[in-house]
Amino acid sequence: MSLLTSLQSKADALATLEPDVRADAPDAVHQMRVAARTLRANLRTFEDVLPSTKKRLGLIEELGWLGDALGPAREAEVLAELVLDLLKRTPSEYVLGPVKQRVEAVFALERESALGVVTDALDSPRYRSLLKSLDAYFRTAKPGKDPDLSRLHKKVRKRMRAALPMPHGAERDTAMHDARKAARRARYAAEALGLPDAKPIKALQDVLGEEHDRVVTAAALTDLAAGAHQAGEDAFTYGVLLGLVRCDSRDFDRQVRKAWKAARPSLR
């Protein structure tokens, strides 16, 4: 698959997924968000290959807008799944109060609100204009010179080498998240070019992503506990769930170093 064909397929996915996103079909919001994010990342990555800087930059901006509109709905869905999974792993004697009901209600409300934002975005002239602009751009675009991913790979190496030796804490969490974003962009580029390097880079991104999910889940549990306390409910269980998150993070250093070692040859 050529670079242009790969990019066009992601642009086509936005329109193809629209009915399912409107119907809130399983995983549809996630898939549209991935398509928008992949397109945006690759339009940035291949700036020296793709023509018409002004048009390309305009598409990058609009894809960022669409991704931002889709993000909260997906995040509410993921957080609900993560917290409910933790609750399933918790012995019943440690579940005090209407914990499941609160978790489901809070995230359902957040998701309902976020889906309204998604619908407003899809109904807007801005979204229609984006689809038309993408179609027009890829119908006329002719990639120039061969892609060079060296700068992108250098960014991943730099961020990983900075994050790994840092002491545990918020700053390291942020550094690892920055490394994850760089790895994700490198993976998208490798996949767009049909390179075998994509697999180990994706494995690294997955390990970093799982830890980022734990960081976000920990923050969500703190908010849930505060809401339960304010409502006069027992907040003990949220502390238990937070403890499970911390336990799940214990093996992260070993996993990320192993994934980084495997990915390094692909990021020369």
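The questions and answers below concern a predicted model.

User: How far apart are the end C-alpha atoms of helix α2, and what should its residues span?
Analyst: Helix α2 covers residues 28–45, which is 18 residues. At 1.5 Å a residue the helix should span 26 Å. The value from the model agrees with this, as the end C-alpha atoms are 25 Å apart.

User: What covers the buried residues of α2?
Analyst: The buried residues of α2 include Ala28, Val29, Met32, Arg33, Leu39 and Leu43. Contact here means heavy atoms within 4.5 Å. The cover includes α1 (3–22), α3 (53–88), α4 (99–123), α5 (125–140), α6 (150–163) and α7 (170–192).

User: Is Arg33 buried or exposed?
Analyst: Arg33 is one of the residues of α2. The cut-off for buried is under 20% relative accessible area. Arg33 has a relative accessible area of 16%, so Arg33 is buried.

User: Which helices hold Glu75 and Arg33?
Analyst: The side chains of Glu75 and Arg33 form a salt bridge, at 3.4 Å from N to O. The pair ties together parts that are 42 residues apart in sequence, because Glu75 lies in helix α3 and Arg33 in helix α2. Glu75 counts as partly exposed, at 41% relative accessibility. The helices are therefore α3 for Glu75 and α2 for Arg33.

User: How many residues apart in sequence are the parts that Arg126 and Glu62 tie together?
Analyst: A salt bridge joins the side chains of Arg126 and Glu62, with 2.6 Å from N to O. Arg126 lies in helix α5 and Glu62 in helix α3, so the pair links separate parts of the sequence. Arg126 is partly exposed at 36%, whereas Glu62 is buried at 18%. The separation of the two parts is 64 residues.

User: What separates Glu191 and Arg187 along helix α7?
Analyst: Glu191 and Arg187 form a salt bridge whose closest N and O atoms are 2.9 Å apart. Glu191 counts as partly exposed at 36% relative accessibility, and Arg187 counts as buried at 15%. Because the two are four residues apart in helix α7, the separation is about one helical turn.

User: Which residues are linked in a network of salt bridges?
Analyst: The count of salt bridges comes to 18. Side chains of opposite charge can pair when their charged atoms come close. The residues linked in a network are Glu18, Arg22, Asp123 and Arg128.

User: Is the pair of Tyr137 and Phe138 stacked or edge-to-face?
Analyst: The structure holds two aromatic pairs. In the pair of Tyr137 and Phe138, the ring centres are 5.3 Å apart and the planes stand at 75°. Planes over 60 degrees apart count as edge-to-face. Both residues are buried, and their pair is edge-to-face.

User: Which residues have the most contacts inside the largest nonpolar core?
Analyst: The largest nonpolar core has 61 residues. Leu134 touches Ala11, Leu14, Leu39, Leu59 and Leu63, leaving out residues up to four places away in sequence. Another core, of 18 residues, lies apart from the largest one and has Ala80, Val103, Phe107 and Leu221 among its residues. Those with the most contacts inside the largest core are Leu14, Leu134, Phe138, Met160 and Leu204.

User: With which residues is Thr90 in contact, leaving aside its neighbours within four places in sequence?
Analyst: Thr90 lies in the loop between α3 and α4. Thr90 is buried, with a relative accessible area of 8%. The residues in contact with Thr90 are Val95, Val240, Leu241 and Leu244.

Definitions and conventions: Residues are numbered from 1 along each chain as its sequence is written. This is a predicted model: local features need pLDDT of at least 70, side-chain atom pairs count only at pLDDT 80 or more; totals for chains, interfaces and linings use all residues. Side-chain values use heavy atoms; hydrogens and water are left out. Rings of Phe, Tyr and Trp (its six-membered ring) pair if their centres lie within 6.5 Å; planes under 30 degrees apart count as stacked, over 60 as edge-to-face and the rest as tilted. Buried means under 20% relative accessible area, exposed over 50%, partly exposed in between (1.4 Å probe, protein chains only). The expected span of a helix is 1.5 Å times one less than its number of residues. A nonpolar core is a set of buried Ala, Val, Leu, Ile, Met, Phe, Trp, Tyr and Cys residues joined through side-chain atoms within 4.5 Å. A salt bridge is a side-chain nitrogen of Lys or Arg within 4 Å of a carboxyl oxygen of Asp or Glu.
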